[in-house]
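Biologist: Could you put the model up so that we can go through it together?

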Amino acid sequence: MKKTTLATLVGAAAFAAAGAANATIVVGGENGYEFSVDGNINQFFIATDQDSANGGYDQNNQGVANGLLPTFFGFNVKAPEINGLTIGARVSISPSTNNGSYVSSSEAMEQREAFATVDGAFGQIMLGKGLGLYAANNILLDQTLYGVGATSVIAAGDQNTGTTSLGRIGWGYDYANWRSQIRWTSVDMAGFKVALAVADGDDFLEVNNATTGGYEKDARYEASLSYASAFDGGSVKLWLDGMTQKVSFNNVDSLKGNAYTVGGQLVLGGFEAVASYYDGKAQGIGGLGLGAITANGNERDGDGYYAQLGYRFGGQTFVAASYGESTLDRDGANTFAGTSNTNNAFADLDSNSMATIGIYHDVTANLKLVAEYSRMETEYHIQSDEDEVDVLAIGGFISW
C-alpha cells in the first residue's frame with residue numbers, strides 16, 4: 001500500500017474529545033456567547049530498528065515527527081441557552097509538522113472536525129464531522145495516544161511515520177476514524193449513556209482495489225452503550241460499541257462489515273487499568289480496510305485486544321505498560337485483491353502484536369514530556385519468519 005494512502009487514513013483523537021471543555025483561552029460577550037480556542041503542538045525524536053522476515057528489509061531509521069496525535073488548532077463557539085436549547089459548534093485544523101518523504105501538500109493540513117451540537121432535555125444531537133462512536137474509547141484511553149506506538153501497519157517495510165504514527169491502530173484495536181455523521185447521545189441516566197449515529201460509509205473496496213466495476217455503499221450505522229461512575233478514591237468506565245455497513249460492487253455481489261468492541265477502565269488510587277476486546281468482519285487490519293476481503297470476494301474475520309496498567313505519581317507522572325494484538329483469519333486463496341501472496345503482506349498477515357512501556361510527565365498544565373519504547377512483531381500464516389521492530393520515541397506536547 002502506498003504511504004500516501006496510509007497517511008490519509010491514520011491519526012488519532014484526544015484533543016477532539018477534550019476540545020472545547022479544556023479550552024484555556026475563552027472570550028465572552030455581553031450577549032452570552034462564548035468563543036474559545038484550544039490545541040497542541042507535539043514533536044518526537046523517533047528511532048526504529050527493524051529485523052525483517054528473512055532479513056530482506058533490515059533497516060535502522062531515525063526521524064523527527066508527530067506522534068499518534070497530529071497538531072490541533074480548534075475553534076469553539078457556544079450560544080446562550082434559549083428555550084431550553086444550547087447551540088455549539090467546533091471546527092479544527094490539524095497541520096502536520098512532518099516533512100517525510102511522502103507527506104505532500106494535500107496531506108500536510110488535515111481537516112478532522114467540523115460539527116455543530118444541539119443540547120437539550122433530550123440529550124445531544126451532533127451534526128457534521130467528528131470522531132466515530134465505534135472504538136473511540138479504545139483509542140482515547142490508550143497510553144500511546146500521547147506517544148508514538150507503532151510506526152507502520154505491519155512490522156516490515158519503511159518505518160518512517162506519515163502524517164501521524166499509529167499508536168495501537170491495528171495493534172490492539174480498530175480505528176474510530178473521523179466520520180461525517182448525524183449522532184444522538186442520551187442524557188446521563190444514573191451513569192448510563194446511549195449513543196446512535198448514522199455516518200458516511202467506508203470505501204474499503206476502493207482501499208483494496210478489489211473491484212474494477214462500479215460499486216455502491218450504504219450508510220454506516222454505529223451505536224454505543226457506556227457506563228461511568230466515580231467513588232471514593234477512584235472511578236470506573238465500561239463501554240460496548242458496534243458498527244455495521246454494506247457495500248455492493250460489480251452490480252452483483254455485496255459485502256457486509258460488522259464489528260463490536262467491549263472494554264473498561266478502572267482508576268483506583270494512583271493505579272489506572274484499561275482492557276478492551278474487539279471482533280469484526282470485513283474491517284481488515286485496524287479497521288483500515290487493509291485485508292478486509294479475500295481474493296474470492298469474501299469478508300475476512302479479525303479480532304484483537306489490549307491490556308494496560310499504569311500508576312500516576314503525584315498526579316503528574318504517569319508510568320504505564322501495555323500489550324495488544326490484532327489478528328486476521330487466513331485468506332484461503334493465499335492471494336489478496338488479485339495480487340500474489342508474496343507481493344501483498346496483508347494476504348498472509350496473521351497477527352500484529354506490540355508491547356509498550358512509557359513515562360508521561362506533566363511539567364506544567366501546558367507542557368508534557370514523553371519517553372516511550374515499543375516492540376512491534378508481525379507474524380504470518382504461511383511465511384515462517386516474522387518481522388520485528390524496536391521503536392524508541394522521546395518528545396512531548398505543548399498545549400493550550
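Modeller: What follows is a talk about confidence and salt bridges in this model. The model is predicted, so to speak of local features I need pLDDT of at least 70, side-chain atom pairs count only at pLDDT 80 or more, and totals for chains, interfaces and linings use all residues. Residues are numbered from 1 along each chain as its sequence is written, and side-chain values use heavy atoms, with hydrogens and water left out.

Biologist: What pLDDT does the protein chain average?

Modeller: The protein chain averages a pLDDT (the predictor's confidence in each residue, from 0 to 100) of 86, and 83% of the residues score at least 70.

Biologist: Where does pLDDT stay under 50?

Modeller: Over residues 1-21 pLDDT stays under 50, and there the model has 68 contacts (heavy atoms within 4.5 Å) beyond four places in sequence. Residues 335-343 also stay under 50, with 19 contacts beyond four places in sequence. Where pLDDT is low, the predicted coordinates should not be read in detail.

Biologist: Changing topic, how many salt bridges are there?

Modeller: Taking a salt bridge as a side-chain nitrogen of Lys or Arg within 4 Å of a carboxyl oxygen of Asp or Glu, the count comes to twelve.

Biologist: Which side chain does aspartate 38 meet in a salt bridge?

Modeller: Aspartate 38 meets arginine 90, at 2.9 Å from N to O. Aspartate 38 lies in strand E2 (residues 34-51) and arginine 90 in strand E5 (residues 86-95), so this pair ties together parts that are 52 residues apart in sequence. Strands here are DSSP runs of at least two residues, numbered from the N terminus.

Biologist: And what forms a salt bridge with arginine 90 at 3.0 Å?

Modeller: That is glutamate 113, with the 3.0 Å taken between the closest N and O atoms. Glutamate 113 sits in strand E6 (residues 109-120) and arginine 90 in strand E5, so to speak distant parts of the chain, 23 residues apart.

Biologist: Is glutamate 113 buried or exposed?

Modeller: Glutamate 113 is buried (under 20% relative accessible area, where exposed is over 50% and partly exposed in between, with a 1.4 Å probe and protein chains only), at 1%. Arginine 90 counts as buried at 3%, and aspartate 38 is buried too.

Biologist: What about arginine 312, which side chain does it meet?

Modeller: Arginine 312 meets glutamate 272 in a salt bridge of 2.8 Å, N to O. Because arginine 312 lies in strand E15 (residues 301-313) and glutamate 272 in strand E14 (residues 271-281), the pair ties together parts that are 40 residues apart in sequence. Arginine 312 is partly exposed at 28%, whereas glutamate 272 counts as buried at 15%.

Definitions and conventions
Helices (H or I, at least four residues) and strands (E, at least two) are DSSP runs, numbered from the N terminus.
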